[in-house]
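User: I would like to learn how to read the features of a model like this one. Please take them one at a time, with the general idea before the case.

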Amino acid sequence: QVQVVESGGGLVQPGGSLRLSCVASGSIFTSFAMGWYRQAPGKERELVAQITSGGTTNYADSVKGRFTISRDNAKNTAYLQMNNLKPEDTAVYYCRAGSSIGMNWLGISYWGKGTLVTVSS
């Protein structure tokens, strides 16, 4: 069994910064890719950023230049550093862990329950 747990969400003012963490535990592999997704009320879940086991990254156009995804394989942890936050970034952020070839997800993926990020003055 694999469990994925996010943390670090909260309330921040526009222009502020926040750092999210995602810890994976159980029968996981260091070769797993990690990704961050988000879902705002009434909208579809969308990809924010992903990172392969080798450190290759991919970002949604809406967050390029503002967000940075990273990982610490020894700790089975992925991070999302969010800078210059905007109100439209408000959403529940979910972590995903699973196998991939490049940016393409394969097989079973494991999801966390999400952490809420609210950007408002």
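Analyst: Note at the outset that this is a predicted model. We can begin with the overall fold.

User: How many helices and strands does the chain have?

Analyst: The chain has 11 strands and zero helices. Along the sequence the pattern therefore reads β-β-β-β-β-β-β-β-β-β-β.

User: How compact is the chain?

Analyst: The comparison is between the radius of gyration and the value that the globule rule gives for the chain length. Here the radius is 14 Å, close to the 14 Å given for 121 residues, so the chain is as compact as a globular protein of that length. Along the principal axes, the C-alpha atoms fill a box of roughly 40 × 30 × 25 Å. Buried residues make up 41% of the 121 residues. Of the contacts with a separation of 6 or more, 56% are between residues 24 or more positions apart.

User: Now a single residue. Where does Arg38 lie, and is Arg38 buried or exposed?

Analyst: Arg38 lies in strand S4, residues 33-39. The cut-off for buried is under 20% relative accessible area. Arg38 has 6% relative accessibility and so counts as buried.

User: Which residues is Arg38 in contact with, leaving aside neighbours within four places in sequence?

Analyst: Among them are Glu44, Arg45, Glu46, Val48, Ser62, Phe67, Asp89 and Tyr93. With the side chain of Tyr93, the side chain of Arg38 makes a polar contact of 2.9 Å. Another polar contact, also 2.9 Å, joins the side chains of Arg38 and Asp89.

User: Which salt bridges does Arg38 form?

Analyst: A salt bridge calls for a side-chain nitrogen of Lys or Arg within 4 Å of a carboxyl oxygen of Asp or Glu. By this rule there are four salt bridges in the count. Arg38 bridges to Glu46, with the closest N and O atoms 2.8 Å apart. Glu46 is partly exposed at a relative accessible area of 36%. Arg38 also meets Asp89 in a salt bridge of 2.9 Å, N to O. Asp89 lies in the loop between strand S8 (77-82) and strand S9 (91-101) and Arg38 in strand S4, so this pair ties together parts that are 51 residues apart in sequence. Both Arg38 and Asp89 are buried.

User: What else does Asp89 form a salt bridge with?

Analyst: Asp89 forms a salt bridge with Arg66, the closest N and O atoms being 2.8 Å apart. Arg66 lies in the loop between strand S6 (57-59) and strand S7 (67-72), so its pairing with Asp89 ties together parts 23 residues apart in sequence. Asp89 and Arg66 are both buried. Arg38, Glu46, Arg66 and Asp89 are thus linked in a network of salt bridges.

User: How is a pair of aromatic rings described?

Analyst: Such a pair is described by the distance of the centres and the angle of the planes. The count here comes to two aromatic pairs. One of them is Phe32 with Tyr110, stacked at 6.3 Å centre to centre with 25 degrees between the planes. Phe32 lies in the loop between strand S3 (18-26) and S4, and Tyr110 in strand S10 (residues 104-111), so the pair ties together parts that are 78 residues apart in sequence. Phe32 is buried at 6% relative accessibility, whereas Tyr110 is partly exposed at 26%.

User: Which charged residues lie over the face of a ring?

Analyst: Arg45 lies over the face of Trp111, at 4.9 Å from the ring centre. Arg96 lies over the face of Trp105, at 4.2 Å from the ring centre.

How values were computed: Residues numbered from 1 in each chain as written. Predicted model: local features only at pLDDT ≥ 70, side-chain atom pairs only at ≥ 80, totals over all residues. Heavy atoms only, no water. Helix = DSSP H or I, 4+ residues; strand = E, 2+ residues; numbered from the N terminus. Buried < 20%, exposed > 50% of the residue type's maximum accessible area, 1.4 Å probe, protein only. Polar contact = N/O pair within 3.5 Å; in protein donor to acceptor, adjacent residues only side chain to side chain. Contact = heavy atoms within 4.5 Å. Phe/Tyr/Trp six-rings, centres within 6.5 Å; stacked < 30°, edge-to-face > 60°. Lys NZ or Arg CZ within 6 Å of the ring centre and 35° of its normal. Rg over C-alpha atoms; globule rule 2.2 N^0.38 Å.
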